[in-house]
Amino acid sequence: MINNKTQNPPVLKDTLKIVGEVEIRNGDTVIKAKNRFVQTILQNICNMMSFSARLTLALNEFQGAMFIRNIYLGTDIAIPTAYNTTALTFPIGIAPGTAPNTLIGSTSNPSDGVFQITMTATWNSGTVSGTVGETALYLNVFPAGNLKAFGWSANYQPGAAILASRLS
């Protein structure tokens with residue numbers, strides 16, 4: 001109980017923390033690392049939270065085009081991921097890189113206030129040429145582009161997937 005009328009009530013703080021953890025397995029070899037999220041995905045999170053209009057898309061268009069996602073591979077081992085990185089440095093194959101043969105995912109809520117998205121990508125033997133030095137997560141989130149003003153609204157047109165995070 002607070003007896004001093006001039007004392008402010010306690011301030012509750014919430015923190016939004018985005019952490020990327022990557023585990024790469026090749027036979028008996030296991031590599032664990034943390035990836036780096038880039039400007040485009042952080043702007044998109046802010047834009048989603050400040051959008052003021054209702055999004056109206058047909059359900060099949062919403063599911064098919066809104067959430068395109070994939071993990072791609074490249075060969076770079078020298079250039080670190082910067083805040084403004086927009087693509088793999090040296091994609092394996094045609095840009096944006098070599099996509100997995102299968103991609104599955106799940107969501108979970110392991111404890112109060114903690115939410116997780118897990119994505120598992122598998123490349124079949126012989127589908128990756130060269131040495132993997134970088135991986136990237138691409139997402140087609142709404143809205144692509146720069147940070148928008150609070151309360152912005154516009155018609156959303158699904159576009160190309162954008163780089164969300166990269167590990168090199």
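**View 1. Strand β7 is mostly covered in this predicted model.** Helices (H or I, at least four residues) and strands (E, at least two) are DSSP runs, numbered from the N terminus. Residues are numbered from 1 along each chain as its sequence is written, and side-chain values use heavy atoms, with hydrogens and water left out. Local features need pLDDT of at least 70 and side-chain atom pairs count only at pLDDT 80 or more, whereas totals for chains, interfaces and linings use all residues.

**View 2. Five strands form an open sheet.** Their order is β1-β2-β7-β6-β3 and the pairing is antiparallel, two strands being paired if DSSP finds at least two bridges between them. At the edges stand β1 (20–26) and β3 (69–74), each of which pairs on one side only. From one strand to the next, the twist averages 30°. Between β6 and β7 there are five antiparallel bridges, and in β7 S165 stands opposite L137, while I162 stands opposite L139. Between β2 and β7 there are two antiparallel bridges, and S165 in β7 is also the bridge partner of F37.

**View 3. Helix α1 packs on the sheet.** This helix, residues 39–50, touches β2 (29–37), β6 and β7, contact meaning heavy atoms within 4.5 Å. Its direction makes about 125° with that of β7; axes are lines fitted to C-alpha atoms, for helices over the stretch in contact, and angles run from 0 to 180 degrees between N-to-C directions. The buried residues of α1 are I41, Q43, N44, N47 and S50, and what covers them includes β2, β6 and β7.

**View 4. The largest nonpolar core has seven residues.** They are I41, I71, L137, L139, V141, I162 and A164, a nonpolar core being a set of buried Ala, Val, Leu, Ile, Met, Phe, Trp, Tyr and Cys residues joined through side-chain atoms within 4.5 Å. Strands β6 (134–139) and β7 (162–167) each supply at least two residues of this core. Apart from this core lies another, of six residues, among them V38, Y72, A136 and L163.

**View 5. A149 lies in the loop between β6 and β7.** Its relative accessibility is 56%, and A149 therefore counts as exposed. Although A149 and S50 are 99 residues apart in sequence, they are 7.6 Å apart in space, C-alpha to C-alpha.

Methods: Buried means under 20% relative accessible area, exposed over 50%, partly exposed in between (1.4 Å probe, protein chains only).
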